[in-house]
Structures are given as C-alpha cells and as structure tokens.
Amino acid sequence: MAKNKIARAVTLHLAAGEANPANVGKDLGPLGINLMEFCKQYNALSAALRGHVVPAVVTVFEDRSFEVRVKQPTTASLIRRVAGLNGGSPRPGHQSGGVVTMAQLKEVAAAKLADLNTTDLDQAVKIIAGTARSMGLTVKE
C-alpha cells in the first residue's frame, strides 16, 4: 500500500499508556490529525511500558493520515526505575541524587542498545553512565 508524501515527522515524549488529547493537542493539533485515534494507537503500543516515559515518532502524511512508532523508554526513565529513584539530583554536580551500580547501568544499556549509536555493550554502558552522571547520580563499580 503506497502512502502519500510525508508532510512532517514529530517526536513526542509521553508517559506510557497515558496519552490523551489534552496533553498531545498542542503538538499534534496543528498537524490536523485525529487526536483520539493517535491516543488509542499510542496507548495500545506503549501499554506494556507503563511507568516509563516513552518517545513516539509520529509521521504525518499530506492526506493527514499518520503512522506511530514507539521507541524504547528514555534512558533517564530506565535509570530511575533500576535505581529505585523518583528523579535525579535537583543540582547535578553539587549534590548527589543517589547511587547507581555498574550492574544496573549494564541492564539499562542492554535494554537501550537498539536505540544507541553503538553495538558494543561496553561502549553503551559508558553512554548510559554519562546520562546517570548528568542526572546527578553517583556511579559505583
């Protein structure tokens, strides 16, 4: 089935399974797509990832039809889950927001490997560790 020409592609970061027209309207409303239909598709695709912030790439075509692709949860969301935290430090670099171990970072790196710009798990762990440090977390060996 041939699609129309792509008019726009938008990336949204939403809580998994919790999209509604009120919180996506300002981003998707001007594109003229059916907001309720988007919310149904996104919620169905991300239902298994509840509790995470999940990026969705919305490709809008010229005839106002659209396609939704859900990625892995954000790195920060995965780090917060494995470390058991509500958030990072309010002042990264000045006060610690918590501690995360290398084993926990390896777990996150394995989950995010498909979305990262490397296929080497050791390099992926370094990328994830950088995100953890930018959140104000202390990385333990």
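Which residues form one aromatic cluster? I looked that up first: Phe38, Tyr42 and Phe66 do.

**Ground rules.** I am working on a predicted model, where local features need pLDDT of at least 70, side-chain atom pairs count only at pLDDT 80 or more, and totals for chains, interfaces and linings use all residues. Numbering runs from 1 along each chain as its sequence is written, and side-chain values use heavy atoms, with hydrogens and water left out.

**Rings.** I searched the whole structure and got 2 aromatic pairs (rings of Phe, Tyr and Trp, the latter by its six-membered ring, with centres within 6.5 Å; planes under 30 degrees apart are stacked, over 60 edge-to-face, the rest tilted). The Phe38 and Tyr42 rings have centres 6.0 Å apart and planes at 20°, so I log this pair as stacked. Both residues sit in helix 2, 4 residues apart, about one turn of the helix. Helices here are DSSP runs of H or I with at least four residues, strands are E runs of at least two, and both are numbered from the N terminus. Phe38 and Tyr42 are both buried (under 20% relative accessible area; exposed is over 50%, partly exposed in between, with a 1.4 Å probe and protein chains only).

Next I traced 3 strands forming an open sheet, order 1-2-3, with antiparallel pairing (a pair needs at least two DSSP bridges). Strand 1 (6–15) and strand 3 (66–70) are the edges, each pairing on one side only. Neighbouring strands are turned by 20° against each other on average, direction ignored. Axes are lines fitted to C-alpha atoms, for helices over the stretch in contact, and angles run from 0 to 180 degrees between N-to-C directions. Helix 2 (residues 35–46) packs on this sheet and touches strand 1, strand 2 and strand 3, its direction making about 25° with that of strand 3; contact means heavy atoms within 4.5 Å. I counted 9 bridges between strand 1 and strand 2 (residues 53–61), and I found Arg8 opposite Val60 in strand 2.

**Helix 1.** Which residues of helix 1 (residues 21–28) are buried? I noted Val24, Gly25 and Leu28. They cover an arc of only 130° around the axis, so they are on the same side of helix 1; the arc is that of the directions from the helix axis to the C-beta atoms. Ala22 and Lys26 are exposed on the other side. The cover over the buried residues includes strand 1, helix 2 and strand 2. At the helix start, a side-chain oxygen of Asn20 comes to within 3.0 Å of the backbone nitrogen of Ala22.

**Helix 4.** In helix 4 (residues 102–112), I listed Leu105, Val108, Ala109 and Lys112 as buried. Down the axis of helix 4 they fall within an arc of 100°, so they line one face. On the other side, Ala103 and Glu107 are exposed. The buried residues pack against helix 3 (75–83), strand 4 (98–101), helix 5 (121–134) and strand 5 (137–140).

**Strands 4 and 5.** Strand 4 runs parallel to strand 5, joined to it by 4 bridges, and Gly98 stands opposite Leu137 in strand 5. Gly98 and Val100 make up the covered face of strand 4, Val99 and Thr101 the uncovered one.

**Thr119.** Buried or exposed? I got a relative accessible area of 76% for Thr119, so exposed. Thr119 lies in the loop between helix 4 and helix 5. I also checked Thr119 against Pro90: 29 residues apart in sequence, 32 Å apart in space, C-alpha to C-alpha.

Conventions: A polar contact is a pair of N or O atoms within 3.5 Å; within protein, one must be able to donate a hydrogen and the other to accept it, and residues adjacent in sequence count only if both atoms are side-chain atoms.
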